[in-house]
Amino acid sequence: MTKVHPPFQTGKVLLLSFCHFIHDIYSSFLAPLLPFIIEKFGLSFTQAGFLSTIMQIPALANPYIGKLADRRGIRFFIILAPMLTAVPMSLLGLAPSYGVLLILLFFTGISVSLFHVPAPVLVYRVSGDKTGRGMSFYMTGGELARTLGPISIIAAVSLLGFENYYPVMIVGIIASVLMFFAFRDMPTITRPKEKSSLRGTVKDMWPLLGPLSAIVVVRGFMHACLSAFLPLYIIEKSGDLWLAGIALSLFEAAGVVGILTVGNLSDRFGRKRLLSFCLVVAPISLLLFTQASGATQFVLLLLTGFSLLSTTPVMLAMIQEYNSDGSSTANGIFMMISFIARSAVVVLVGFSADLIGLEQTYLLCGLIGLAGIPFVLTLRITNRTSSSG
């Protein structure tokens, strides 16, 4: 018998998407601030890449955070996340040394994990049979944040100075206060009697997790060169700081359109088909981007952002649908793999940029991205609407 699901709960989905937006607007500050940080501390590209890596280290605990969320619920971690991320990211300009920068970014990474592990499960549970749509709205919040974040922080630094932009943390603090009242009655315990081990969860989900993990790694090279080093790439080409910030925002804006489009279409045409399309288009458009100039280059940047960033809600939907009731543990395992891959890849991309230059590194990342196509063909997907019977 087919399981009956509740209707799509628009209000709750939008509430979680707004929370995602407020949180991620602060975590998006690092890339546009890298030119200032590199200049202040005299860093190499490898050292600059390691700043992003240190933010990912807390992701090692994601599976355990997921199990805690399934069994106990961690509502207040979600509520406090905007404030816990806003404060350290607003203090980067005051850091007296590279070591203090690493500490601030490490604490930011903890907050990022505490929010991102349970939130997609809540989205899944209030999305009815429209998981792709729910994940699209949720991820749109994050991508809008990364679209507005670079312009916002560049404007703040231009107005206040790199060492004096810290008052921007006030918005995150206020957001946490407001969300306390909005979230206090929302249940966060999803599977209170869950007893399976992490190893058992991995074993059960490996037909899906294995190929997705490989896709995340090769996709990570494209994502790293664009999200972490795009401002530096544009500055190297044009010397224009504002153009660098605008390019990153355009990249993220295209991702917002892609997320809303591809996530919704995957409900209708299938997750695997849409994921395959994106993994073909993204590396080809990135390779063409490195060879183009002027308006054509920006069109290709938009196409790359559309196809590359839109894969995330599709993969999140696949993870949740593999378990008919959703699972923070499963999401935590996937996010741990994703963040570890991304953090390691950022360092490798930075090292490559030091060794052969950013332009050649972009070409290399595009070629590596093509390697993700065969892994889509090996995906085994369980659809939750037919998983009980």
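**Core and packing**

Author: Leaving aside neighbours within four places in sequence, Y362 is in contact (heavy atoms within 4.5 Å) with C225, L226, F229, L230, Y233, L286, F289 and T290. This is a predicted model, in which local features need pLDDT of at least 70, side-chain atom pairs count only at pLDDT 80 or more, and totals for chains, interfaces and linings use all residues. Residues are numbered from 1 along each chain as its sequence is written, and side-chain values use heavy atoms, with hydrogens and water left out.

Reader: How many helices and strands does the chain have?

Author: Helices (H or I, at least four residues) and strands (E, at least two) are DSSP runs, numbered from the N terminus. On that basis the chain has 18 helices and zero strands.

Reader: What percentage of the 389 residues counts as buried?

Author: Buried means under 20% relative accessible area, exposed means over 50%, and partly exposed lies in between, with a 1.4 Å probe and protein chains only. Of the 389 residues of the chain, the buried share is 57%.

Reader: Which residues touch the most other members of the largest nonpolar core?

Author: A nonpolar core is a set of buried Ala, Val, Leu, Ile, Met, Phe, Trp, Tyr and Cys residues joined through side-chain atoms within 4.5 Å. The largest one here has 102 residues. Its largest share, 11 residues, comes from helix α10 (residues 198-227). The members that touch the most others are L33, L212, L230 and Y362.

Reader: How many residues are in the other core, the one that includes F339?

Author: That core lies apart from the largest one. Among its members are A59, L114, V117 and F339, and its count is seven residues.

Reader: At what angle do α11 and α17 pack, and are they oblique or parallel?

Author: Axes are lines fitted to C-alpha atoms, for helices over the stretch in contact, and angles run from 0 to 180 degrees between N-to-C directions. Angles under 35 degrees count as roughly parallel, over 145 as roughly antiparallel, 65 to 115 as roughly perpendicular and the rest as oblique. Helix α11 (residues 230-238) and helix α17 (residues 358-369) have axes 10 Å apart, at an angle of about 135°. The two helices are therefore oblique.

Reader: Which residues make the contact of α11 with α17, and how many are charged?

Author: From α11 come L230, L232, Y233, E236 and K237, and from α17 come L358, E359 and Y362. Ala, Val, Leu, Ile, Met, Phe, Trp, Tyr, Cys and Pro count as nonpolar, Asp, Glu, Lys and Arg as charged, and the others, Gly among them, as polar. By class, this contact has five nonpolar residues and no polar ones, and the charged number three.

Reader: In which hand does α2 pass α3?

Author: The axes of helix α2 (residues 30-41) and helix α3 (residues 45-56) come within 10 Å and cross at roughly 135°. A crossing is left-handed if the near helix is turned anticlockwise from the far one by less than a right angle, and right-handed if clockwise. The crossing of α2 with α3 is right-handed.

Reader: Which residues make that contact?

Author: The contact residues divide into seven nonpolar, one polar and no charged. On the α2 side they are L30, L34, I37 and I38; on the α3 side they are A48, L51, S52 and M55.

Reader: Which residues of α6 meet α3?

Author: The axes of α3 and helix α6 (residues 98-116) come within 7 Å and cross at roughly 35°. From α3, the residues Q47, F50, L51, I54 and M55 take part. Their partners in α6 are Y98, L101, L102, L105, F106, T108 and G109.

Reader: Is H20 buried or exposed, and what does H20 touch?

Author: H20 is placed in helix α1 (residues 10-27). Its relative accessibility is 1%, so H20 counts as buried. Not counting residues up to four places away in sequence, H20 touches F115, H116, Y138, M139, G141 and G142.

Reader: Where is F8, and how far apart in space are F8 and Y124?

Author: F8 sits in the segment before α1 and is buried, with a relative accessible area of 18%. F8 and Y124 are 116 residues apart in sequence, and their C-alpha to C-alpha separation is 9.7 Å.
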